[in-house]
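Please examine the sequence and the structure before reading the points below.

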Amino acid sequence: MLRITEYIRDTLEGKKPRRLEGLILIWNLTNTCNLYCKHCYSSANQEREGELTHEEVVSLVYRLPSVGVRFAILSGGEPLLREDIFTLAKLLKERGISTYLSTNGLLVKECIEKIKKHFDYVGVSIDGEPEVHDAFRGKRGAFEESLKAIRECIREGIRVGLRFTLTPVTSKSLPFVFDLVEREGIPKIYISHLVYSGRGKKLSDLEKEEYRSWVRFVINKSFEYVERGLPIDVVTGNNEADAVLLYREFVKRYPRFAESFYERLLLWGGNQAGVRLMNIDFRGNVKPDPFFFHSVGNVRKEDIVKIWQGNGLLGFLREKPRRLKGKCEKCSFIGICNGNSRARAYAVFGDYREEDPACYL
């Protein structure tokens, strides 16, 4: 994740860059969901066959510190449909692991007190104006329920943010969601780029010129928030080319801080799939990130520590720099983006080493 406003603010304030320590786990606890979203990377539905049992997930929680997990994003499907989610969140926190809830918001109100007690942060998905969001998420009235969930979290003093997926269907809603964040006093907005996985494989991506223009919009809003002193954090994910456009804009505005900002981006390191990012799906398959087409092991068959020490695909992802093909091979910004999404490369070319087709530079 590229924490745009944080990096701009910290550089201008002269704060020393710091590397994120520990592993981030995105844990898809269940595949069942109460919506049917067009972009869903896990193709969530009502399927629960093969889902890890309560005993299995509890056992796994006890092993996570051994592999270096410091942050756990509990997702789905809809994670609040997992009956033992609060027990798991409690166990995670007891082991020093920060807990994050990624939800569509429809069930937040009925369990707000438990969420407040067991989660450090809540991300609620909103993908545009009401009609756009409802069509994209497959349910009339979903927008209002999701917005109510954010408002409820704010009232209860829970750290909350809005999650938005950038696609050709939703892109024109970007100004709306930024206005919504400002109007509602939502402290964070996370812009996720489309990855061609699950039902997302059926969606096309933006044309490159339009794609760049929308990313510039996000970056310009980020500078605006920092320069106006607004307490809104802007974060993007799943397209590390954003860091290059961010760097170019930063140099235009603050050339005397350019070297310091570039060092900060190098320390951030770009795409972290298989490096500081791990995914476990509802059947126990371990992947470098949720979008990968292949797993590197299964927790039912092998200890998580042994899996994560494996070579093969993980060895390739941990090369610095990664040895890539196409335009990525000779790109001067490889140190910043780290080759971007290998899952998108595989989706289009059938090769994890190929260039990322969604690089809009």
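In this predicted model, the count of aromatic pairs comes to 16. One of them joins W214 and F217 in an edge-to-face arrangement, with 5.9 Å from centre to centre and 80 degrees between the planes. A pair of aromatic rings is described by the distance of the centres and the angle of the planes.

- W214 is classed as buried because its relative accessibility is 15%, which is under the limit of 20%.
- F217, by contrast, has a relative accessible area of 24% and is therefore partly exposed.

**A pair between two helices**

- The ring centres of F223 and F250 are 6.3 Å apart, and their planes meet at 40 degrees, so this pair is classed as tilted.
- F223 is located in helix 8 and F250 in helix 9 (residues 242-253), so the pair ties together parts of the protein that are 27 residues apart in sequence.
- F223 is buried, as its relative accessible area is 0%.
- F250 also counts as buried, at 0% relative accessibility.

**A cluster of rings**

- Which residues do ring pairs link into a cluster? The residues are F178, W214, F217 and Y225.

**Charges over rings**

- The charged end of K188 is placed over the ring of Y121, at 4.7 Å from the ring centre.
- R318 lies over the face of W308, and the distance to the ring centre is 4.9 Å.

**The protein as a whole**

- The secondary structure consists of 14 helices and 11 strands.
- The radius of gyration is 19 Å, close to the 21 Å that the globule rule gives for 361 residues, so the protein is as compact as a globular protein of that length.
- Along the principal axes, the C-alpha trace spans about 55 × 45 × 40 Å.
- Of the 361 residues in the protein, 57% are buried.
- Among contacts with a separation of 6 or more, 72% are between residues 24 or more positions apart.
- The protein exposes about 15400 Å², of which carbon and sulfur atoms supply 49%.

Notes: Residues are numbered from 1 along each chain as its sequence is written. This is a predicted model: local features need pLDDT of at least 70, side-chain atom pairs count only at pLDDT 80 or more; totals for chains, interfaces and linings use all residues. Side-chain values use heavy atoms; hydrogens and water are left out. Rings of Phe, Tyr and Trp (its six-membered ring) pair if their centres lie within 6.5 Å; planes under 30 degrees apart count as stacked, over 60 as edge-to-face and the rest as tilted. Buried means under 20% relative accessible area, exposed over 50%, partly exposed in between (1.4 Å probe, protein chains only). Helices (H or I, at least four residues) and strands (E, at least two) are DSSP runs, numbered from the N terminus. A charge sits over a ring if NZ of Lys or CZ of Arg is within 6 Å of the ring centre and within 35 degrees of the ring normal. The radius of gyration is taken over C-alpha atoms; the globule rule is 2.2 Å times the number of residues to the power 0.38. Contact means heavy atoms within 4.5 Å. Accessible areas come from the Shrake-Rupley method with a 1.4 Å probe; for residues, only the protein chains shown count as cover.
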